[in-house]
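Hi everyone, thanks for making time today.

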Amino acid sequence: MLKPRRPVPALDVPLAGGGRWVLAEQHPDRFSLVVFYRGVHCPMCKAYVTRLDSLVDSLTEVGVTSVLAVSGDDEARARRAVDEWEISRVPLGYGVSPESMREWGLYRSKAIKEGQPNEFSEPGLFIVRPDGTLYASVLGTLPFLRPHLDEVVETIRWVNEHDYPARGEL
């Protein structure tokens, strides 16, 4: 179980469109935001990642200057997500292994419908400090009940204004 104020696992993933996103190489003003999504098969993920893409400027305003959406999809599926969802601002990572999913504490599911990968992670949102420690996380066991991204932005704004510490460290 990941704990606030402690280091998060390493994350080094290829990006749809080329390059890599390495958490240890990020230098955000205040936070990095890592959003694990189920995959291109998930309509809820499409809505969530599309909204995330539209909030890049708002996130930047509150010091979240490093953002990633990532899944266990392969390269072709990740490129499909970028194209079909019209993602232009948020880097889309792919190829998260089941081992890495476990390290991050993500719930995993098996396919129940055609078009789903054999195994994939359920959603997770992680707010990470520049030193690589966890500030906050929200994990889901199904595609629904995710934190509203507008509220995430406003919460981070409030956290910054009040210098609120990470909680849940025990």
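Let me start with a question: how many bridges join strand β4 to β5, and do they run parallel or antiparallel? There are two bridges, and the strands run parallel. One thing to keep in mind as we go is that this is a predicted model. On your screens, β4 covers residues 64-70. If you'd like to find a contact point in β5, look for L92, the bridge partner of A69.

Now let's step back to the whole sheet. These two strands belong to an open sheet of five, in the order β5-β4-β3-β8-β9, and the pairing is mixed. At the edges sit β5, residues 92-93, and β9, residues 134-139, each pairing on one side only. Helix α5, residues 149-162, packs on this sheet. That helix touches β3, β4, β8 and β9, and its direction makes about 20° with that of β8.

Next, empty space. Rolling a probe the size of a water molecule over the atoms shows where such space is left. In our structure, one cavity of 30 Å³ or more turns up. The largest cavity holds about 80 Å³ of space.

So which strands each supply at least two residues of the lining of the largest cavity? They are β3, β8 and β9. Among the lining residues you can pick out V35, F36, L125 and V138, along with Y48 and R146. By type, the lining divides into nine nonpolar residues, two polar and one charged.

That's my tour, and I'm happy to go back to any part of it.

How values were computed. Residues numbered from 1 in each chain as written. Predicted model: local features only at pLDDT ≥ 70, side-chain atom pairs only at ≥ 80, totals over all residues. Heavy atoms only, no water. Pairing = 2+ DSSP bridges. Helix = DSSP H or I, 4+ residues; strand = E, 2+ residues; numbered from the N terminus. Contact = heavy atoms within 4.5 Å. Axes fitted to C-alpha atoms, helices over the stretch in contact; angles between N-to-C directions. 1 Å grid on protein atoms, 1.4 Å probe; cavity = no way out; pocket = protein on both sides within 12 Å on 5 of 7 lines; lining within 4 Å. Points joined across faces, edges and corners; volume = space filled by probe spheres on them. Nonpolar A, V, L, I, M, F, W, Y, C, P; charged D, E, K, R; others polar.
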